[in-house]
Amino acid sequence: MQLGYIGLGKMGKNMVLHVLEKGHDVVAWNRSAEPRAEVEAAGAVTVESIEQLIAQLKTPRVIWLMLPAGAVTGEMIDQITPLLTKGDTIIDGGNSFYKDTMQRAAALQKAGIRFIDVGVSGGPAGARSGACLMIGGDAHAFEMYKQLFIDITAPNALQFFSGNGAGHFVKMVHNGIEYGMMQAIGEGFEVLKESPFHLDLFKVSEVYNNRSVIESRLIGWLQSGYLHQGTELQDIATTIAHSGEGQWTVETAQELNVQVPIIEASLNVRKESANNPRYANRVVNVLRSEFGGHVVGEKK
């Protein structure tokens, strides 16, 4: 199938490269030229404007957005909507707030434009080789593009949830859980580091990740981080950035009258991390670097 693609950051560029390998045709736009050149070399058609992208696509069009959540995504939807026609589809693969997604879907429905929300997990490596997708929207729209979704996921790493915003809701809570899990790993390894046994933390991560109860991709990424950075992690920052998903999870839980003390505490640690330099923060940051490609180096 032919796919329009807007946004070639770490996730978007890798997903386009994967989509091309699966035999789909891609027309791509990105503000900066370098990633456009990279996907063009792999077989994509690239354009220098949104108008050119829309003109290159056969109707009914399907356009995948892989942009930062919030105003950037909203402004792009506002920009392309007047250029689309009834029967076209927009897929939002970013980490948009589910309430924004519900409002956008309702507005687009009035114009006869389908809207599918997709929470994407797995980081840039997953986007390149097979991501995990949490998809929301209506079942008919999902079935129309089900093969595309299958093609870009890892085996059995795809689920559809009925209702506009449902996919982004599931991904939002996923990221909130991620906050808590990463914080627990960071705190545990800080305790290990301060123990009287002078433990080799790489060996600890290695044994934890071999048939233990806490064996996981996160522990595996910590192993990788220790291998690349050394167990002191002295070049890793102690200030942890926090994006919207953790905050949204806490606020949504409050609206639903659900207590989430672990997720809320892990969010607060991130908010306060600039004034509380500690080893656990370095562990969280090296995890973020390993799976998400986030820049977490200590400022010199």
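Predicted model: local features only at pLDDT ≥ 70, side-chain atom pairs only at ≥ 80, totals over all residues.
Glu232 is partly exposed, with a relative accessible area of 46%. A search of the whole structure turns up 6 salt bridges.

**Salt bridge Lys193–Glu232**
- The side chains of Lys193 and Glu232 form a salt bridge, with N and O 3.5 Å apart.
- Lys193 sits in helix α9 and Glu232 in the loop between α11 (217-229) and α12, so the bridge ties together parts that are 39 residues apart in sequence.
- Lys193 counts as partly exposed, because its relative accessibility is 28%, between the limits of 20% and 50%.
- Glu232, at 46%, is partly exposed too.

**Salt bridge Glu190–Arg278**
- Glu190 and Arg278 meet through their side chains in a salt bridge of 3.0 Å, N to O.
- This pair links distant parts of the chain, 88 residues apart: Glu190 belongs to helix α9 (residues 166-193), and Arg278 to the loop between α13 and α14 (279-292).
- Glu190 is buried, because its relative accessible area is 19% and the limit for buried is under 20%.
- Arg278 has a relative accessible area of 24% and is therefore partly exposed.

**Salt bridge Glu255–Lys99**
- A salt bridge joins the side chains of Glu255 and Lys99, at 2.9 Å from N to O.
- Glu255 lies in helix α12 and Lys99 in helix α5 (residues 98-110), so the bridge connects parts 156 residues apart in sequence.
- Glu255 has 51% relative accessibility and so counts as exposed, the cut-off being over 50%.
- Lys99 is partly exposed, at a relative accessible area of 30%.

**Helices α12 and α13**
- Helix α12 covers residues 244-255 and helix α13 covers residues 261-272.
- The two pack at an angle of about 140 degrees, and their axes are 10 Å apart.
- α12 and α13 are therefore oblique to each other, since roughly antiparallel would need an angle over 145 degrees.
- Their crossing is left-handed.
- On the α12 side, the contact is made by Gly246, Gln247, Thr249, Val250 and Gln254.
- On the α13 side, Ile263, Glu264, Leu267 and Lys271 take part.
- By type, the residues of this α12–α13 contact are 3 nonpolar, 4 polar and 2 charged.

**Helices α1 and α2**
- Helix α1 (residues 10-21) packs with helix α2 (residues 33-41) at an angle of about 15 degrees.
- The axes of α1 and α2 are 10 Å apart.
- The two helices are therefore roughly parallel to each other, as the angle falls under 35 degrees.
- α1 crosses α2 in a right-handed sense.
- Lys13, Val16, Leu17 and Leu20 of α1 contact Pro35, Glu38 and Val39 of α2.
- The residues of the α1–α2 contact comprise 5 nonpolar, no polar and 2 charged.

**Val118 and its surroundings**
- Val118 is a residue of strand β6 (residues 114-121).
- Val118 counts as buried, because its relative accessibility is 0%.
- Neighbours within four places in sequence aside, the contacts of Val118 include Trp64, Ile91, Asp92, Gly93 and Gly94.
- Its contacts also include Leu133, Met134, Ile135, Phe149 and His168.
- Val118 and Gly43 are 75 residues apart in sequence, and their C-alpha atoms are 24 Å apart in space.

Key:
Residues numbered from 1 in each chain as written. Heavy atoms only, no water. Axes fitted to C-alpha atoms, helices over the stretch in contact; angles between N-to-C directions. Helix = DSSP H or I, 4+ residues; strand = E, 2+ residues; numbered from the N terminus. Parallel < 35°, antiparallel > 145°, perpendicular 65-115°, else oblique. Left-handed = near helix turned anticlockwise from the far one by under 90°. Contact = heavy atoms within 4.5 Å. Nonpolar A, V, L, I, M, F, W, Y, C, P; charged D, E, K, R; others polar. Salt bridge = Lys/Arg side-chain N within 4 Å of Asp/Glu carboxyl O. Buried < 20%, exposed > 50% of the residue type's maximum accessible area, 1.4 Å probe, protein only.
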